[in-house]
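Please walk through some local backbone and packing features of the model shown here, beginning with a loop and ending with a helix.

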Amino acid sequence: MICSGLLSVRGMPMPETQAVSIPDFCLVVLVGASGSGKSTFARRHFLETEIISSDNCRGLIMDDETDQSATTDAFDLIHHMAGLRLKNRRLTVIDSTAARKEDRAQLVALARKWHAPVVALVLDIDPEICHARNAGRDNRNFGEQVPRNHSRMIRRGLRNFKFEGFSDWHVMRDEAAVEAVEIVREPLWTDLRKEHGPFDIIGDVHGCFDELTALLAQLGYQVDDYEQGETLFNAFHPDGRIAFFVGDLCDRGPRNVDVLRLVMGMAAAGTARCVIGNHDFKLLKWLRGKKTTLTHGLDLTVAELEQTSEEFRRSVREFIFSLRSHAWLDDGNLVVVHAGLKEEMHGRGSGALRSFAMFGDTTGEVDEFGLPVRLEWARDYRGRAAVVFGHTPTREAQWLNGTLCIDTGCVFGGTLTALRWPEKELVALPALKEYAEPARPLDTDTGAFGDGQLIYFDELIGKQRIETRFKSTIIVPEQNAAAALEITSRFGIDPRWLIHLPPTMAPCPTAPEGPFLEHPDQALDAYNKEGIEEVVAQEKHMGSRSLLVVCRDGEAAARRFRVEDGKAGVIYTRTGRPFFRSDEMEAMLVDRVGSAIGKAGLWDELDSDWLLIDAELMPWSAKAQDLLRQQYGPTAVAARASVEALQDALARAASNAGELDELKAKVAGGIERAERFEQALKGYCWEAASLDDYRLAPFHLLASEGHVYDGEPHSWHMQTLARICAHDPILQETTWRALSTSSSDDRAALIDWWIGHTDAGGEGMVIKPSTFIARGERRMVQPAMKVRGRNYLSIIYGPDYDAPHNLDRLRKRGLKRKWTMAMREFALGLEGLHSFVEGAPLARAHQCALAILALESEPVDPRL
């Protein structure tokens, strides 16, 4: 809105203070002759960091604020600094004369680029006063002609300010007016961040009154009894929820006036809000008497309105005129808009922004259906706020990169859809009939998703700084990020499936003495020291860590993950690579797991078409053939060969036999350890010729649609997954037990179980706090610690690792770096998974997953 303010008239008394309201985000241009007091005024009313002064910029460049030779460079610096501040949505004050129209035009253009209102504060002070002030200042005696010329240009331009693009301007005619000003900052009209709802955001209604009232009732609103006429009526929610309409209230449908009566009544009562849509905008043009083509259903709305009174039409006109382009809500976490909005437009205001909000981003061309060709802004969206919009009808509302189109074509026979916020629950009601034929079939792929799920190189290359919801900031060096990106691009799964990578697991503190390097006592003591009383211990399988994304069927996978290969899921390693080389083998296992999920009733119980499961897939040899062939197998052969050769040599020694007894004992121990190494290795390897030769042991049910299960205790995870395992022999239930870190009986029973399990060939166990995320007395604690048995550690450290002299050396191993890595990766993993489930851009999940992969390249002992 453009308006001018006259703060004083010469010869008239001035009030002590005169409030001047400006948006808390805008570009303020101080206009005044040299010596008019602009800098003093700026320092009195604005922060030093908000002010960009032409004099100061000259000083920065030439060490002399009065050096006019630096003016061109100084204004380049002004525009650059102001642009950066406006880009970051910061109020900015330009302290220069701004006397020339051309100078002001550049500032207005800069503000428009960043969708910022422009406010001019004009100090129209008598040129003689300005000259006197300049004469009393060092290096400022420009002569009386300078302020006089400035003043003449400013006064000549004032009459045309409304044509220069200023949102508002205020003129101070004398020193009293300047002194009386009190700047009051108010939120921009689109800035509703203090409103938190809860909201029910409703898609394009298009005159479908019956469906609207039915949907409101389904959402829990109580709708006033309907009466014919022009009286507005209301619907309210007993819990105080607010209905929020994305625009396009009218056209094409059968009861446009009734929709207006209800929505206007709700808005007047404070139970609803609405943003403007393109159909609303076109209706406003007709209501204002402007030439309008009555197409796309506007003729139906006009025919209804022509039967109403002028007073009603005026109220409709005023209502539509009052509608905002968009609403920036809930601490900046939500944007409601008609056709969409890029992140750099949120909470701002400009003509270009309003057009984008109503019509979207178009090329100016039309497609084969005669509709505008739209640029898919949602595909590239990476903003923090969820953007809920309508405008382009689609068969089903689906999240994409943190955006959601909820125009599901009710008027075209589809559904009327609402999003409950902050719950992020969708509620849809089928249309009673098809009221209009769509120009483009609702099932037509408009390309909105396209390659929007891919990893973009330019977003993930370079140093990464990731803030997580655990109040931790994780830095990934550029070289690590580049290596992770190369690995993923060359060897990774289809990135549309890559929603999570699991963290590494820290070993328990090293046992200080005895025959063990790792022992349950140390894990229990570590948790007890952190104040963790309740823990769970579960069997650690000797397999390969694998993640399974399992969908109800291929159609569900295509809807949620935007894949086109017909897969119902994938299985990948903890580094994001396909687990199986054979797509057929992967598909068979996914199918069997999906079938077991169905038989357990979890698809319906969890109300989801997909699950993410963390598991161990056995045998270990299925994925570690190269490791076995190149490292562990030769180690076993070499160990046995060396001790057997030494044993033969000792047997042939005839003299000084007594002196060789000690060496013979060592050799006998070496033979025993070599045999133990071979037996341990065989226990983890077997032939897997067919799918039935595999075993899958799940231990975390990480996520489903709308949920990340980090709030559930580990007991829930184990019990829920046991239900799945009961329906297929290929699925192996993980043995586990709950215990107290302060109970000596629990501790003794656990140690007996661990010794028996590891002596029988088991790898070891994992001890975890009973809660998925655990905080001790001072900090978040390790989510899990592995306690590996002697046989398994012989594979990791070598057959002779537990010889006394080797154990003494290994007890000095450093664990701090591994522990830190495990915590950082845990935070990253959950951050990325929450982001995906919450509908954030997939790039956020990719960023976190690649950061985990990047951390793996840090110099940490891989044996840990």
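**Loops, cis peptides and a helix**

In this predicted model, D331 is placed in the loop between strand 15 and strand 16, and its phi is near 55°, a positive value in a residue other than glycine. D330 has its place in the loop between strand 15 (326–329) and strand 16 (334–337) as well, and here too phi is positive in a residue other than glycine, near 50°. As for accessibility, D330 counts as buried, at 12% relative accessibility, while D331 is partly exposed, with a relative accessible area of 46%.

Other loops hold cis peptide bonds. One joins G197 and P198, with omega about 5°, and P198 lies in the loop between strand 9 (191–192) and strand 10 (199–202). Another joins W421 and P422, with omega about 15°, and P422 is found in the loop between strand 22 (415–421) and strand 23 (425–430).

Turning to helix 5 (residues 127–135), which residues are buried? They are P127, C130 and N134, and because they cover an arc of only 60° around the axis, they sit on the same side of helix 5. An α-helix has 3.6 residues a turn, so residues three or four places apart point the same way. The buried residues of helix 5 pack against helix 6 (145–158), whereas the face turned away from the buried side carries the exposed residues E128 and A132. At the N-terminal end, helix 5 is capped by D126, of which a side-chain oxygen lies 2.9 Å from the backbone nitrogen of E128.

Definitions and conventions
Residues are numbered from 1 along each chain as its sequence is written. This is a predicted model: local features need pLDDT of at least 70, side-chain atom pairs count only at pLDDT 80 or more; totals for chains, interfaces and linings use all residues. Side-chain values use heavy atoms; hydrogens and water are left out. Buried means under 20% relative accessible area, exposed over 50%, partly exposed in between (1.4 Å probe, protein chains only). Helices (H or I, at least four residues) and strands (E, at least two) are DSSP runs, numbered from the N terminus. The arc is that of the directions from the helix axis to the C-beta atoms. Contact means heavy atoms within 4.5 Å. A polar contact is a pair of N or O atoms within 3.5 Å; within protein, one must be able to donate a hydrogen and the other to accept it, and residues adjacent in sequence count only if both atoms are side-chain atoms.
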